[in-house]
Each structure stands twice: as C-alpha cells, then as structure tokens.
Amino acid sequence: MTVVLVHGNPETAAIWDPLKAELGRSDVIALSPPGFGAPVPDGFTATSDAYLAWLVGELEQLDGPIDLVGHDWGGGHVQRVAATRPDLIRSWCSDITGAADPDYVWHDMAQLWQSPDGEAAVQAMAALPVEDRVAAFVGVGMTPEAARSCAEAANDDMGRCIVALYRSAAQPAMARWGQELEAAERRPALAIVATEDPYTGGEAMHRRAAERFGADVVILAGLGHWWMLQDPAQGADVIDRFVAGLD
C-alpha cells in the first residue's frame, strides 16, 4: 500500500518530515502541489479544479491501494478526490472537514486573498525578508526547520497560486464540494480535529461534516493547525491506527 501526504498553503512538504520519521514506513510519499514547494507548469491556472486534476494525475501513477492524507488545502484537494475519483483511493483523511460545512466562513486572511487586494497582500508577504517570514511561521506553530523551508518557498509563483486558489473556493464553492462528497461513493475516512486550529471551522462543524461523509473523528486536544509538527508522534499514531484498521 502507499500512504500519500498532501500539504497546503503556504507550505512545503517539509511540514511532514517529523511525522514521516515517526511513521517509520517505506511506503510514504509526500506530494507537493504546484506553487507550494514544486514548480508551476506552464498554463497552470491554480484553481481548485486545477489542483484536483493535478492530484488525480499524480495518484494515477502510483501503485495502490492508496491511503490519502491531506492537511490544510491539501485536505481540500484530498476531499475533492474522494468526491470525484474514489476509485483511486482506499481511504482518505483530512484535517479541514469542517470547511465543507454549509455554515463555514473563510478566515480573515483567506477573505483578504479573495478580495481585490489579494495580489497586494501576497506581494507584501513575498517581499518580507526570509528571516522575518521564518519568525512569523515559528510564531504560529511551525518548527524552525519547517518554517525556513516554507519561508524560502514564499515567492511570486506561490503568491499567484494562493490568490487563484482561494478565489476559486469562495463560498458557495466549498459548500457545493461538500455536497458532492456527501453524495459520492464512500471510502473509509478520518476527520482529524486539532482543537486549537482557528482556520477550519471548529469541532462542531468538523463533526457535522464527518457524519455527512461517513468519516470517523479523532480529536487532537490542545494542538493547532500544524499538529504534525507540534506532536508528530501523536499524529503518526493516529494515522497508523486508522490505516491498520483498514487491513
């Protein structure tokens, strides 16, 4: 089998390194979405539909069965694969299931990126000295190593991808994709709920969405958005237990 990890914004695959070490498996692959630690192909529009097509293409090249794990926007891409191409995966896991609830409201930064000021906001981010970006990422929960990798990747390409991706997902798009997942052929699923994550809708929304999607729920009490960096051993245990239960 293959465990596939997909990260989000504004990240690189370095956020998974401690968790991969704790998993101690040889069948773990971390995929980097274009613009987020990977080159942006010519003509890539960076909308949610474009990232869905990208992830489908990557999974089609892998040997199965595939257990797909997504964080942040990676979780969004994972959920859209589960809704549209469940044939490609054995199971899926996401830490943003709450964002598919009809009552979900995008957080303030996302709304800024979706606004006409979005380009100016991401340009300001890219213009910051790397050390300032590192300090900012550490301040919100990343390890210094992951923060440096993400800070060094924060360039104009990432900025363009951020704006295009978030604008493509302005409501009611997220709610519509949740409806598609609810209606899709079911695969075993796990909703990870980090109780101190301020971006993904909160525990009540996660639980409502998980019930709609037929997903189990695991609570990571006291952990935030970067739970895989804050307690990689616990994160690895959650994934190990979920995957082992599928065998």
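## Salt bridges in the model

A salt bridge is taken here as a side-chain nitrogen of Lys or Arg lying within 4 Å of a carboxyl oxygen of Asp or Glu. By that criterion the structure, which is a predicted model, holds 16 salt bridges. Side chains of opposite charge can pair when their charged atoms come close.

## Pairs within helices

In helix H8, which covers residues 156-168, Asp 157 and Arg 160 stand 3 residues apart and are thus separated by about one helical turn. Their side chains meet in a salt bridge with an N to O distance of 2.1 Å. The two partners fall into separate accessibility classes, because Asp 157, with a relative accessible area of 31%, is partly exposed, whereas Arg 160, at 53%, counts as exposed, the cut-off for that class being over 50%.

Helix H10, made up of residues 203-213, contains both Glu 203 and Arg 207, which are 4 residues apart, or about one turn of the helix. These residues form a salt bridge in which the closest N and O atoms are 2.9 Å apart. Glu 203 is partly exposed at 35% relative accessibility, and Arg 207 is likewise partly exposed, with a relative accessible area of 39%.

## A network of shared partners

Salt bridges that share partners also join Arg 25, Asp 27 and Asp 240 into one network. Within this group, Arg 25 pairs with Asp 27, and the closest N and O atoms of that salt bridge are 2.8 Å apart. Arg 25 is partly exposed, its relative accessible area being 26%, while Asp 27 counts as buried because its relative accessibility of 18% falls under the 20% limit.

Key:
Residues numbered from 1 in each chain as written. Predicted model: local features only at pLDDT ≥ 70, side-chain atom pairs only at ≥ 80, totals over all residues. Heavy atoms only, no water. Buried < 20%, exposed > 50% of the residue type's maximum accessible area, 1.4 Å probe, protein only. Helix = DSSP H or I, 4+ residues; strand = E, 2+ residues; numbered from the N terminus.
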